[in-house]
Amino acid sequence: MPHALINSHHPLPKLQNISCCATNNMATSSSNQVTIILFCLLSTIIFNSSSLVMCNSMMVHCDEKDESTLLKFKHEVTDPSGVLSSWSSDEVKDCCQWKGVHCDNITHRVTELHLPCDTIQSDEIIDKDNEKPHCLTGEFDMSSLFDLEFLSYLDLSNNDFKTIKYDFNSIHNNKTSNDSSNIHYLDLAYNYHLFSDYNNMLHQISHLFSSLQFLDLSGIDLYKEIDWLQSLTSLSSLSELHLDDCSLKDINPSLQYANLTSLKVLSLASNDFSSILPSWLFNLSHISYIDLSENYLHGQLPQTLPKFHQSIESLCLYINDLEGPIPDWLGQLDKLKALDLCYNNFDGQISTILENLPSLLIELRLYSNFLTGTVSEKNFHLLSKLKILGLGSEYLVFDFDTKWIPSFQLQILVLKNPGPKFPSWIYTQSSLEYLYIGNSRASFEPLDKFWKFAAQLEVLVLVNNSINSDISNVLLDSKVVIMQLNNFRGSVPQVSSKVTHLELSYNNLSDISPFLCQKMKGKRNLETLFISDNALSGEIPNCLMNWTSLLQVNLGNNNLSGKIPHSIGSLSRLIFLSLEGNMLFGEIPLSLKDCKNLRYLILGENAFSGTIPSWINQRIKILQLGFNQFSGNIPIEVCHFYSLKILDLSNNKLSGSIPNCLHNMRSMISPYASMDVFKILSPTKYTKRGFSYVYFRVVTKYMVLHFVHSICLVDLSSNNFSGTIPSGLFMLTGLRSLNLSHNQLMGSISQHVSNLTLLESLDLSNNLFSGQIPQSMSGMSFLGALNLSCNNFEGKIPLGTQLESFTNLSYAGNPKLCGPPLTKLCQQDEKLPNEKQKREEDDDDDDSSEVWSWFFMGLGIGFATSFWGVLGAILFNRKFRHGYFRFLNIFYDILIRCFHSPYWSEYCFG
């Protein structure tokens, strides 16, 4: 019975049942059982091994042709950081396992290449001339990738490629198997130096990748692309287009229709469009996202309903010059979720605009326009889905009920010129992450309540408000804190470990020591510390070793004294350091050498002394040491500053000759040299493209100017330099400003000065220069400021529109210099007036003789013609002859009577 149950319910133990019934000998039975079990195990092992061998033999590896193409691509490009190190058959046999390579799961053919360069996690400075040393660079042949027959996705964004090549013969040969239509995603954005073998890059791309659905070329200079829109119209499948920051100029405003019927996303921000809004834009019927922000577009929005009224979800036109009323058709955009029109010149009643907006709106930014009227809670009863709100102008009045609780919960709030009362409904926004309040004259009281609420924010921005409070005891707990022009006083407030960005410039703060030496729980994460233009005094405490996370430090224009503390060397990540405009003294500490990432060193207007260090980082971009007491020579190592854009050593006690190797500063030779933007990565989602901008000031054209765009400048003025101007200086073709004034330089100016075609300001005054001013300078068309005064120049000032446009002050103090605009005439010019007058008199005589000759000739011809005309009529016309003689008889009788009458005068002329 038990055996029956086992057999019926458990089939595997049948082996045990068989072994038990096989023999009467227990030992033999046991031995046989073991043998059978071992046999079964051995069979299983053999079966599994053979199966594994069969599976391995059947496994599909990547295609050999695809592998060969990828290795060819690797060989063409430059890979300084080993991004493609896994691309080797020795390391990883299957190319589908290589970094960035994606293959089809079934065919194992390469379908996608993901090779963007990641700079978000690095401390690199990102600008258009930055070499991005860890990114892919060099050139690549686009035609080589056509051998990847199934490639549909190509992302090479944010690298540093220089050139795309097209081998059209190779592409043509490959078209038998691949017409390139498989590539539908192409991202080459932010390869700042990238250019094509052919001027019309977009035309080539549209020709080679006819089935593109996604195209991003943002950050690539396309200023030569005149017909860029026409080139793209052949991409009938294009649904997403990004051409931000491409220097495009013509948006074809008069074109009514563009053949972009599949386009859903269009981003053309940060270009150079300076026309009215294009008509074709409002005739795109399927577009859902439009971004034309940060251009120079002007005019008005159309008053008629655009064709995208049923599809548009996001419309961004901020930072332009648009004007006029905001049209009513915005209320008919049923799918509209984001509207950004800030920083324009729109006008109209704010209440009418707000009450007309669609109810699905999530983002609304209308600040910095000329909108008028009153904003109250009544205007928001339909906008319950708002997450982002930006309002305010100097013409608006905020009048909210103090007890109003909005139906929305905002994440971002921007209020400009709010008043006259502080909008208390802000405290109901428990989901708020970003708060900007600017130009407010409303009271923030009670401040304790405000600071407690601000602790929940990720970003707090307070600019130009009337807070006027001591913030010594405030603890700042937001990740990004920007509080400028608020008249804060007291000590610099303490921060939590959460804070990464702190800007307190343009206030009245007086003490930084408690801040720098504060104790803190947890790891410090502060990366940006800007407290310039305050009233900070005393020495910088030797507590900087507590802040090793710092990337940017600006304590300029305060009253700090003493020496730079040696703990500055602890800031190994430091990129930007500005201590200008203080009372600091001593030598630059050797410990600063440990700041290996330092790119911006601004120490001007102090009392630093000693020699200029030779150990300064070779990748320095701005070196401003002017208005100090440095002495000695310029170290030869300066010639190896290949990234340098600004060299300011003015107003020191430097001597010796100017090095002749300055042409090695190749960043001043770059054609991009004066078009770049200094930016440092700021990892916050609220900063444009993750960047914070580096603002700096320079002295050029005799003015202090503030820049965010880089300007190549060399200022060695007011020192004791001697010798001649080195020829290498005239090879820095990207220079915009050159100042060598107030030195002991001598010799003549080379004709090669005209190589500096972009130069806008040139000051060589108060030196010992001699010789003639080069004629070639007359062709320097950008030159707007020139000072050659107080030298020993001689001869005539070269003729030319540019040089003649300056006043005599530009040439004063050169006794041997002559010619316009100076009143002193050159020797050869003094003879010219007499000779010229004589020539003019001779010319007048000749002209007079010629006139009189023609007069007498005409008179003779006229007399002859008249005489023969009258005589001919008398001789050949009898009627005329009789009439003529009758007239003579009558006239004779009248004359006789006149002369014989005593009243002849009254009778004849009466």
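This is a predicted model: local features need pLDDT of at least 70, side-chain atom pairs count only at pLDDT 80 or more; totals for chains, interfaces and linings use all residues.

The protein has 910 residues, and buried residues make up 49% of them. Its secondary structure comes to 14 helices and 55 strands. If we take the contacts between residues at least 6 apart in sequence, 55% of them join residues at least 24 apart.

Let us turn to helix H4, which covers residues 64–76. How far apart should the ends of a helix of 13 residues be? At 1.5 Å a residue, H4 should span 18 Å, and its end C-alpha atoms are 19 Å apart, which agrees. The buried residues of this helix are Asp66, Glu67, Thr69, Leu70 and Phe73. Seen down the axis of H4, these buried residues fall within an arc of 160 degrees, so they line one face of the helix. Glu64 and His75, on the other side of H4, are exposed. What covers the buried residues of H4? The cover includes strand S1 (77–78), strand S2 (101–103), strand S3 (110–114), strand S4 (137–141) and strand S6 (160–165). At the start of the helix, a side-chain oxygen of Asp63 comes to within 2.9 Å of the backbone nitrogen of Lys65.

I now come to the aromatic rings. A pair of aromatic rings is described by two quantities, the distance of the centres and the angle of the planes. The count for this model comes to 33 aromatic pairs. In one of them, the rings of Phe380 and Phe400 have their centres 6.3 Å apart and their planes at 35 degrees, so the pair is tilted. Phe380 lies in the loop between strand S19 (370–375) and strand S20 (388–391), while Phe400 lies in the loop between strand S21 (396–398) and strand S22 (412–416), so the pair ties together parts that are 20 residues apart in sequence. Both Phe380 and Phe400 are buried.

Phe400 also forms an aromatic pair with Trp425, and this pair is edge-to-face, with 5.6 Å centre to centre and 65 degrees between the planes. Here too distant parts of the chain are linked: Phe400 is in the loop between S21 and S22, and Trp425 is in the loop between S22 and strand S23 (434–438), 25 residues apart. Trp425 is buried, as is Phe400.

Elsewhere, Phe422, Tyr427, Phe444, Phe450, Trp451, Phe453 and Phe488 form one aromatic cluster. Arg524, in turn, lies over the face of Trp547, at 4.6 Å from the ring centre.

Next, consider Asn320, in the loop between strand S14 (314–316) and strand S15 (321–325). Is Asn320 buried or exposed? With a relative accessible area of 5%, Asn320 is buried. Its side chain reaches the backbone nitrogen of Leu297 at 3.0 Å, and the backbone oxygen of Tyr318 at 3.3 Å. Leaving aside residues up to four places away in sequence, Asn320 touches several residues, among them Leu292, Ser293, Tyr343 and Asn344.

At 8% relative accessibility, Ala785 counts as buried, because the cut-off is under 20%. Ala785 and Ser810 are 25 residues apart in sequence, and their C-alpha atoms are 8.6 Å apart in space.

That concludes my presentation, and I thank you for your attention.

Terms used. Residues are numbered from 1 along each chain as its sequence is written. Side-chain values use heavy atoms; hydrogens and water are left out. Helices (H or I, at least four residues) and strands (E, at least two) are DSSP runs, numbered from the N terminus. The expected span of a helix is 1.5 Å times one less than its number of residues. Buried means under 20% relative accessible area, exposed over 50%, partly exposed in between (1.4 Å probe, protein chains only). The arc is that of the directions from the helix axis to the C-beta atoms. Contact means heavy atoms within 4.5 Å. A polar contact is a pair of N or O atoms within 3.5 Å; within protein, one must be able to donate a hydrogen and the other to accept it, and residues adjacent in sequence count only if both atoms are side-chain atoms. Rings of Phe, Tyr and Trp (its six-membered ring) pair if their centres lie within 6.5 Å; planes under 30 degrees apart count as stacked, over 60 as edge-to-face and the rest as tilted. A charge sits over a ring if NZ of Lys or CZ of Arg is within 6 Å of the ring centre and within 35 degrees of the ring normal.
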